[in-house]
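I opened my notebook for a friendly look at one model. Here is what I looked up, entry by entry.

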Amino acid sequence: MELVKTKPACKDYIWGGTKLKSWGKEAPSDAIAECWELSFNDSGPTLIDGGEYNNKPLKDVATKEDIGSISASFPFFPVLIKFIDSASNLSVQVHPSDAYALEHEHQYGKTEMWHILEAEKGAGLYIGFKRDVSKEEVSKALYDGSILSLLNFVEVKPGENYFIPSGTVHAIGGGVTLIEIQQNSTLTYRLYDYNRLGKDGKPRELHIEKALKVLNYSKYNPPKFKAPLIGECPYFSSYCYPVKKTVLKAPSTSFYSLSFFYGKGKVGPYEYKHGDTFFLPSGKEAEIEGEGTLILTEVKGK
């Protein structure tokens, strides 16, 4: 296959906003919480937008050669890329490591990163603990409702990057729009959800006992990456570039995922605008011209 534009699977969770719909994303309701721009996950597979394979799931069309030798060496497609718009706070949550998840949940864990696209004044993220804490201290804070006082809150600005290894407690605050590049997993343990109700009128499920077993209780120390690299682990390597006239060729080892922001132009035969994502198969090339910002993701493995 050649370069294709993706059509995301959109999710309307209770905390979602309206910004992604203003980008032209389609959804069954006014609010869109997440758009899964590159997903081989059965919970929300990405479709192909236009061309020979229009409306077919990308995961059903892309071959092992298309995703590249390293990507194909994983027992599952390694990465999932989302746009997230939080009109209100997401739950305080944690994702387990692969080792714990495989033993106890029979699936993989989750490491992720965020690149901030838009943020209202004062909006931010909770990432990790302010200081070293104990399991007993966290447990008490969860049950008396003071857990947020232990968390590290960061006010954010567009263009900033945040890396969240598995085991790191975190929550996206209201008023933040971002791109999330993550390990392909939907495994989440909720610790705290502000006592709010789900769409069914009942409190959403918490997973406190499991969460307490997988948390990193040390003070959060963010890893450093040298630009243009913005985040890296075995499951993804992501880069942020200003768009300029160039030709990209994906290596034999991996596809390229290309997401464009803040401008417009052309990639291969396609026009792009703010919020468009494309899948460039392994070994294939595409010419880019225009303006804005490009987030490029590939898989390099260990």
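**Nonpolar cores**

I began with the largest nonpolar core: of its 34 residues, Leu38 and Leu58 touch the most other members. A nonpolar core here is a set of buried Ala, Val, Leu, Ile, Met, Phe, Trp, Tyr and Cys residues joined through side-chain atoms within 4.5 Å; buried means under 20% relative accessible area, with a 1.4 Å probe and protein chains only.

I note that this is a predicted model, where local features need pLDDT of at least 70, side-chain atom pairs count only at pLDDT 80 or more, and totals for chains, interfaces and linings use all residues. Residues are numbered from 1 along each chain as its sequence is written, and side-chain values use heavy atoms, leaving out hydrogens and water.

Next I looked up Leu58 and its contacts (heavy atoms within 4.5 Å). Leaving aside neighbours within four places in sequence, Leu58 is in contact with Met1, Val4, Thr6, Leu38, Phe40, Thr46, Leu47, Ile48 and Phe279. Apart from this core I found another, of 25 residues, including Tyr126 and Leu212.

**An open sheet**

I then traced an open sheet of 4 strands, ordered S16-S21-S18-S19 with antiparallel pairing. Strands are DSSP runs (E, at least two residues), numbered from the N terminus, and two of them pair if DSSP finds at least two bridges between them. S16 (246-249) and S19 (270-272) stand at the edges with a single partner strand each, so one side of each is left without a neighbour in the sheet.

Last, I checked S18 (residues 265-267), which 3 bridges join to S19 in antiparallel fashion. Gly265 has Tyr272 in S19 as its bridge partner.

Technical notes. Buried < 20%, exposed > 50% of the residue type's maximum accessible area, 1.4 Å probe, protein only.
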